[in-house]
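Please read it with the structure open.

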Amino acid sequence: MAQSSGNEVPQVMSSDYFDARVRTDEPAEALAWLQMQYGRVDLQVDDGSFGERAVGDCGFALRRLLWDCRAEVLYGADRFFFATSTPGYSWRVGAATGEFSVEPGVIQPGDEMVGHADGTAVEMVAFDAVHLTEAARAIYGDDTLEVRFDGRGPVSPRMRDYWLATLRWSFTQLPLLGEPLVRAHVHRALVSATLEAFPLAGDPRERRASALEQSAIYTAATGWMDDHASLPVTAADAARAAGTSAAGLRRAFAANGHLASTPEAYLQQARISAAHADLVAADPTRTTLAEIALRWGFADLAGFASTYRAAYGADPQTTLDR
């Protein structure tokens with residue numbers, strides 16, 4: 001490597017969100033960057049340049065590394081990585097070897113990886129081990145599950161393609177990841193695809209049955225809340241209707257709640273959606289905003305207006321008056 005272009009300053013958007021990048025042709029700068037980002041790393045590199053962009057938060061990060069050089073990377077992993085690449089990145093962990101362009105691979109906490117990069121681009125998602133475990137426990141309804149993978153590659157060609165498509169879609173969302181709701185949606189999609197595509201240790205039949213049970217509880221509860229949103233019902237009522245406990249309903253929402261991560265949030269969304277329909281259909285000379293708000297359980301008119309603006313980007317009185 002010849003002349004440094006310097007590290008670019010990371011852009012921090014919130015308390016744990018980051019969008020950081022580097023491009024350098026100095027080996028010392030490349031090593032310093034890798035150690036700052038990944039921890040225990042050693043690097044041997046020929047002339048050329050190295051670049052990376054990393055976007056994410058404390059739970060996960062999307063990372064794209066550009067190796068315009070030949071390099072050997074020694075890495076002691078402290079989190080989960082699931083990677084693919086263009087031709088030119090081979091790896092070894094113990095007796096296992098692979099090439100990320102041929103088959104996506106997983107590097108797990110505690111692995112000692114030796115990687116060889118040669119003019120390649122690597123795309124990967126990194127998961128913090130604690131956050132991935134919490135997500136897996138919610139999805140499968142198993143509070144004792146410890147995330148570990150039995151193999152290095154996807155369980156089948158079909159699941160490989162599914163995971164690659166999810167990863168590629170996630171990278172198209174990079175400009176939007178500063179928005180917490182978008183980031184949460186991308187995180188959830190990546191977690192679900194990864195846990196399904198790679199060989200999670202344990203009995204897959206039991207996990208599948210648990211995941212189906214969580215989905216059935218979620219479907220039953222949301223359908224019941226949609227039907228009863230006009231009544232003074234609570235999340236506890238929805239749990240009883242779905243045949244589960246309050247804790248069971250929360251696990252089902254944590255695993256399946258793409259629109260709302262808690263039953264309370266879903267019930268509020270159902271009510272604000274119904275109120276919106278009433279506002280659109282109402283005659284403003286015969287119906288007041290307060291009447292519609294109270295009909296759907298919003299006693300605080302200011303709070304109703306704030307919730308409505310957040311959902312529809314307009315003032316509810318404006319919708320009523322149209």
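Predicted model: local features only at pLDDT ≥ 70, side-chain atom pairs only at ≥ 80, totals over all residues.

1. Leu167, leaving out residues up to four places away in sequence, touches Leu62, Thr84, Glu123, Met124, Val125 and Leu190, where contact means heavy atoms within 4.5 Å. Leu167 has its place in helix 3, and with a relative accessible area of 1% it is buried (under 20% relative accessible area, with exposed over 50% and partly exposed in between, for a 1.4 Å probe and protein chains only). Its C-alpha atom is separated by 25 Å from that of Arg251, 84 residues apart along the chain.

2. Residues are numbered from 1 along each chain as its sequence is written, and side-chain values use heavy atoms, with hydrogens and water left out.

3. In the largest nonpolar core, which has 34 residues, the members touching the most others are Leu62, Phe82, Val125, Phe127, Phe149, Trp163 and Leu195; such a core is a set of buried Ala, Val, Leu, Ile, Met, Phe, Trp, Tyr and Cys residues joined through side-chain atoms within 4.5 Å. Among the elements that each supply at least two residues are strand 4 (60–76), strand 9 (112–127) and helix 3 (157–172), helices being DSSP runs of H or I with at least four residues and strands runs of E with at least two, numbered from the N terminus. The largest share, 6 residues, comes from helix 4.

4. The axes of helix 2 (residues 129–140) and helix 4 (residues 180–197) come within 11 Å and cross at roughly 80°, and the two helices are therefore roughly perpendicular to each other (65 to 115 degrees). Leu132, Ala135, Ala136, Ile139 and Tyr140 of helix 2 meet Val191, Ser192, Leu195 and Glu196 of helix 4.

5. The structure holds 17 aromatic pairs, counted where ring centres of Phe, Tyr and Trp (its six-membered ring) lie within 6.5 Å, with planes under 30 degrees apart called stacked and over 60 edge-to-face. Phe80 and Phe82 are a stacked pair, because their centres are 6.4 Å apart and their planes at 15°, and both residues are buried. Tyr218 and Phe253 are edge-to-face, at 4.9 Å centre to centre and 70° between the planes; this pair links helix 5 (residues 204–228) with helix 7 (residues 246–256).

How values were computed:
Axes fitted to C-alpha atoms, helices over the stretch in contact; angles between N-to-C directions. Parallel < 35°, antiparallel > 145°, perpendicular 65-115°, else oblique.
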